[in-house]
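Dear colleague,

Please find below the structure that I am handing over to you. My findings follow it, and I would be grateful if you read them with the structure open.

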Amino acid sequence: MAKPQIRLEGHDDEWIQQSLQDCLTISADRNFFNAYGREQVLSVSDDYGVVNQIKHLGRSYAGADMSNYKVVKPHQIIYTKSPLKQKPYGIIKANQSEEGIVSVLYAVYNALPGVCPDFIDRYFSPYYRTNNYLRPLINKGAKNTINITDEGALNGSLYLPSLSEQKEVAAYFHSLDELIKASAKKIDSLKKMKAGFMQTMFPQLGETMPKIRFKGFTGDWEKKALHECLDISTDKNDDNAFGIKDVLSVSDDYGVVNQIKHLGRSYAGKSVSNYGVLRTGEIVYTKSPLKSKPYGIVKLNAGITGIVSVLYAIYRPKDNVSAEYIHYYFDPAWRLNHYLRPLVNKGAKNTMNISDETALAGTIMLPKSLQEQQQIASFFHELDSQIRLHEQKLAKLKQIKASCLDKMFV
């Protein structure tokens, strides 16, 4: 008998070690009369649980004959004998969705009286607990196949509390999951909103005004060469005023960040005297390809002054130009790629052949009024702040869940 580190209020009884044979029985229901078709085939995902295969994967992977498939009903337990990277012995989930059928490669179980199937699901949620349970029971076969019978998978043991505590623990994690889903949905909604405004608050190709505009601003926007908006900065770290700890990196997701804080280490050489000084409020162009931005990325340094590799180009905004506006203008991959594609020559090993001067040779659209530029930038800055706030909340909720999954079970 044992007790978990964290307990829900009102429970203090010892948890009892039990064989899984005393908790679950094998379900014998089969799709002999083809009552269920391809549209009812289910899959099991470690992230999403039991899901409809067509809805989740876009197609069914079932064979022509599904009469030997196993019938799965809500609240039954499914064990998939398919290895994952973190769960090389398969995964165990409760069916929270509709009735359906699964391949004969899956084991399907009923919970016995006194056992909450959702508790079993939560118990086996962490990879380490699933692996610790299954590892002694399984012989790995050729091609990494999992050799274990449906009966054999029940030969391990786990600790169980009373049925009432099982249900309360399961309900607690259900509530946490709902908060996580709501937070993720809010982030997705804000990102879609931002993407929409990135289209409508800037003129489309061939147009001189955006579809949506802040009150008080009228008239056509200007088409300007980027060299009319930015000057090249040639400031170098010649006097070694900045060291390894001041090296900055540029991330598409996080902008300009301290390299050590962001990546855990510095990738600079012994000498950083030839590095460029990137000051607060300046623009940096990285000539490093990303999958979505194969010609590099353009970002504003909104943080503290630091230094960057000579592979980066640094620019200062001219009078009547908002650097933050330039940052948001080049935020969407499609607009940045459209601008850079004609200017860049790709070299061997996907290297970028473009000078700091050539990167300014294209044209952009911007309001004549600095105030309108600033208001647009401020609007997107606030949207980004909201997105970051919800992302931080989501990360915190996931940390809480991971900690509770560890400490609320024996």
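A residue counts as buried when its relative accessible area is under 20%, and as exposed when this is over 50%; between the two, the residue is partly exposed. Please keep in mind that the model is a predicted one.

I begin with salt bridges, of which the structure holds 23. In general, side chains of opposite charge can pair when their charged atoms come close.

One of these salt bridges joins Lys401 and Asp177, with their closest N and O atoms 2.8 Å apart. This pair connects distant parts of the chain, since Lys401 belongs to helix H8 (residues 370-407) and Asp177 to helix H4, 224 residues apart. Lys401 and Asp177 are both buried.

Lys191 and Glu391 also form a salt bridge through their side chains, at 3.4 Å from N to O. Here Lys191 lies in helix H4 and Glu391 in helix H8, 200 residues apart. Lys191 has a relative accessible area of 43% and is therefore partly exposed; Glu391, at 32%, is partly exposed.

A salt bridge between the side chains of Lys73 and Asp29 spans 3.9 Å from N to O. Lys73 sits in the loop between strands S5 (70-72) and S6 (77-80), and Asp29 in the loop between strands S2 (24-26) and S3 (42-45).

A network of salt bridges links Lys194, Asp252, Lys293, Lys299, Asp331 and Asp384.

Finally, Glu165 is part of helix H4 (residues 163-200). Glu165 counts as buried because its relative accessibility is 3%. Leaving aside residues up to four places away in sequence, Glu165 touches Arg7, His11 and Trp15.

Yours sincerely

Methods:
Residues numbered from 1 in each chain as written. Predicted model: local features only at pLDDT ≥ 70, side-chain atom pairs only at ≥ 80, totals over all residues. Heavy atoms only, no water. Helix = DSSP H or I, 4+ residues; strand = E, 2+ residues; numbered from the N terminus. Buried < 20%, exposed > 50% of the residue type's maximum accessible area, 1.4 Å probe, protein only. Contact = heavy atoms within 4.5 Å. Salt bridge = Lys/Arg side-chain N within 4 Å of Asp/Glu carboxyl O.
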